Amino acid sequence: MCESNEKTGGICILSFDNGGPGTYSQLLILKEYTSRLASDLHVGEDEVYLADYFDLMGGVGFGGMAAFMLGHLRMNIEQAIDKLLTLTDLLGFDDSNGDVDQKKNSNILKDFLENLLQARGIAPETKMNDPGFLFKRSKVTLYAASSANVTHPHAFRTYSSRGSTLNPTIIEALCATTAIQSYFLPVEMGPRRVRESFIGGALGANNPTRLLLEEADKVFGKNRRIAQILSLGCGLSRVQSVNASDRVDIDRLLKEVMRDCDTVANELSTRLFNVDAYLRLNVNRGMEFLEMKDWNTLGAVGTHTATYLATPCISESIDNSLRGLRERVGSVTLGQLSHSSKIKVMAKKAPLVSPYFVLREKPWMIMVDHLVKSVATRQKILPITGMGGCGKTQLVSYFLQEYPTLYAQIVYVDASSFSTIKADFQTWARALGDGHERNTWEDALRVLGSVPPGEQWVLIFDNADDPSLNINGFLPRDTNLTILITSRNPDLGNLATTTHLELGEMTKEEALSAMVQAARRSLPLSDEEIESVNVLLKELGCLAVALVQAGTYCRQLSSTVGEVFRPYSFTQYLNLFKSHRMDLMKKSGPMSLDNYQRGVYITLDLSYRQLTQESRDFLHIISLFHYTDIPFTSFAAAAQNAFEDPKSYYPRDDSHKNTILKLKNLLWQDMGWNELYLQEIIRTLRSFSLVTASSTNDSLFLHLHPLIQAWSRDMISSTPHPYRAMAMQVLTACGNEDIKLSRFLLPHMREMLNQVGIRDMHVNDLLAFGVVAKQQGNYGRAGRILEAALESMKHSAEENSMNTLWVASWLASTYRWEGRWTESEKLFTEVLEQRRRILGKEHPDTIKTASSLAATYRSQGRWTESEMLLVEVLEQGRLSLGIDHPHTIKAARNLAMTYHSQKRWDESEQLLVEVLEQARRVLGIDHLDTIKAAANLAFTYRNQGRWAESEKLELEVLEQRRRILGAEHPDTIWAVAHLASTYNCQGQWAEAEKLEIEVLEQRRRLLGTEHPHTIDAVVSLALTYAKQSRWDEAATLLALAVQQSTKILGQRHPYTQSDLKRLASVYDKLGRTTEAEETRCFLIPNVSSDD
């Protein structure tokens, strides 16, 4: 309940327009009020009574009925809505079959009111102003007109008033105000000989706000301050054209009523334009064509009202109104309202610079260059766009502060809506004085379009965030008028005549400065604090408002004991952030000079309310991806596969069908993929700066700010499963055929694995993710995923199925690439044995498995076994599959590399030339197996001393792999390593060393220090040092390689033996004879090496 001093606190007035079914819209608006009040007060919505907040209520027609129920009968909003809908269900308004039965409606209304009063213990004959009525906190006035003079309104009051006045019964008064002609009979009241006939809808009183202000003046006195004037409309009237041919029907009166309401509203908006206490709420779109019969179908009214309430400026206005209701601090007296022209007009100014402001050097220099240093003769229009809270307005305020004499006039406009733009233009114009006191906003535009010669003016459109708001018509054209626009909508960049300043994240240094400054700390910080700050900067995405919020939170919880300052540390805040992120981000920001106090999430919520459901759903789905580089093509690929699993390895439950259906409903249109439809959803999200986009090599990628991702995830934290299931299915449905797409999918698959444990994923998802991870060279992760998939299948009815063999084969191949050769051999042997038994030796899958096992033998240095198996496989492949079958080509390539390992260069070259020709013809130049064949041939050329041919081929391979696989794919790194080796052979030491250092750094980071490929990189760099006689450096690296190779591969492995020989030779060069001999002691006779 509102606790206020009834004699000194500001009063609050609630006015209901007359307008038929629009009354339902009025009550829905008030329901939003009570909902927010209940949330603020931590009570149930049914415990909020508007009669406790409004001192005076009034209305006409069904609006009067609503005012009486809420004010005099003290109903809560749900009760009032229920009673109104019950009444209108009983009444007849449809005139399609002839005239409405007025008498029947009048009798129904009277009976309903009698029952309503009796249910609340009130006798039907009770008067409006009944001295015995207990609750009179809220005074209520109803208006009606005499049938003899519809231009003169009569007031029926629930309280005493000076002068003669009618005091009808409650039922008489309610019937009179509701007696709209053609629907109800007039109501007669008064003494017998002077009885008068009354109807609802007195002209000039259909919007009773003006009358209620006059009434308040009489009741409360001219010196009483006013805290809130809430005027509720029933929808804007339709604009009538000169040639309108509307039929003259009984609903014409309703249209006239709505126009009468608008006339009063327009007069009051002019008269009270600078009175903050006045708020007119009226659904401005969709209710222009209401008819009385629409009482039977109120769905559209509810929809249009909800859309209206979701508008950010309306939502913010309601919050300000609620503040007035609760605090009841009046800034204007009723007497001043009666002479509103005496109220001093003050134009808005740009917010002051916040004490937490940190100058961002790069955008600042852009502003200065284009606004100060530029000598362009055309008008300067500079849009500044970026997500909410990134510091757009503050940058403008700082600019004005630093260049105070640059502009003779500074015009600041709140561009959040048409109404605020017009109001601020009008306020500015009237503040000019000297004959401008009655200027309209159109006059302001004319003044701004004719800046005096020799002067420079600036016009600032702040918070032009609504994408549906076209501000072009408000841009005066004058070369001496600079226009600055701040907005979340990047499309406003198209208005630029200078440049479009897109304000992104702060740099790390700027962000650190902002947070330290807000916390009132100083540098340097301890190592622990710096580490925590770095984590926070990443989590907060270097967003200005979030950094200031974090810093001020730390400052507010810091303390000084004696003379010792004890800060609330950034480490403490980080720990709190990890467990209570949502609560912290919802908190209002600190009080500051710029008046920007919205929490990060509150700022984002304002945009969210304006999104369509499709845009909301898509945002929630992509928020479960990694926040950067979300490929648009992933949705195209998944949609073109009908969002189905590429292959079903294990049955799905029924809920999976629902997931696919949801994706189709969201991303399909007309039963198929429509790229333009999804681009429109993305365009909407971009217009609110919720998503950004970039294009690389003709591919579109989406990006989310880390806090937007966190906010979106937090919104669905209670029920994340449907969105997570859809996000995962998109990734799974992409398949792995498109190598370039798979490269971009991997980070998002990793992100999904961070949210869902491997053990909780379905086998089909695991295989989709595992195969992509393997394909992209992420062997360790691929192995863990495929192990989980194989384990699940082995414990199911599918244990002996061919699907299980496929999974085992992929896992064995992953082990081989991971350098886990013993495990690879064991698994490949098991798979080969089962495929030979089930499928036969001639089957392609059997041949492929045998070839893969032979490749494992080669990796283990078991070249004889590898060769024997591959000769058999190749012969079988040529007989069963044909010479051009991919499995046959792969077997031939593997045999050629086994020859290569045995230093049989000519045989290797002959076979590889044949393989490369076949692969290019059958598979295509960019197929991975073709590229691998080219790399193998280049390797053989190098060992034959044909370095120019090797270099040429290796450069081609490197270009292809960088383009297709990316710079960090293991195959690409191998290509760099091979090119370095060729440079080495040609004596190009500097080029070789540079590439080898790059390879070693990448492998250590991606594969770890003990991976065989990393060991190989160490050896290669050591050999380059040795060839330059840099023996000490070579010895250090080779000793490390021997130690790691012995541990990982074993002492008997040919690679280990070769490294031992090289290390001993280097020790000899250094004269370290004893160490050389000790090293040679580890050499094993009759074990071949790769030298």
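## The largest cavity

The lining of the largest cavity is made up of 3 nonpolar, 2 polar and 3 charged residues, where Ala, Val, Leu, Ile, Met, Phe, Trp, Tyr, Cys and Pro count as nonpolar, Asp, Glu, Lys and Arg as charged, and the others, Gly among them, as polar. These residues are Arg-836, Lys-841, Thr-846, Ile-847, Ala-850, Glu-872, Val-873 and Gln-876. At least two of the lining residues come from each of helix 31 (844-859) and helix 32 (863-880), a helix being a DSSP run (H or I) of at least four residues, numbered from the N terminus.

A cavity is a set of points on a 1 Å grid, over the protein atoms alone, where a 1.4 Å probe fits but cannot get out, and its lining residues have an atom within 4 Å of a point.

## Basis of the model

The model is predicted, so that local features need pLDDT of at least 70 and side-chain atom pairs count only at pLDDT 80 or more, while totals for chains, interfaces and linings use all residues. Residues are numbered from 1 along each chain as its sequence is written, and side-chain values use heavy atoms, with hydrogens and water left out.

## Cysteines

The search of the whole structure finds 0 disulfides, a disulfide being a pair of cysteine sulfur atoms within 2.5 Å. For Cys-261, the nearest cysteine sulfur is that of Cys-234, 6.5 Å away, and for Cys-554 it is that of Cys-542, 16 Å away. Cys-261 is buried (under 20% relative accessible area, with a 1.4 Å probe and protein chains only), at 2%, and Cys-554 is likewise buried, at 1%.

Key
Buried < 20%, exposed > 50% of the residue type's maximum accessible area, 1.4 Å probe, protein only. 1 Å grid on protein atoms, 1.4 Å probe; cavity = no way out; pocket = protein on both sides within 12 Å on 5 of 7 lines; lining within 4 Å.
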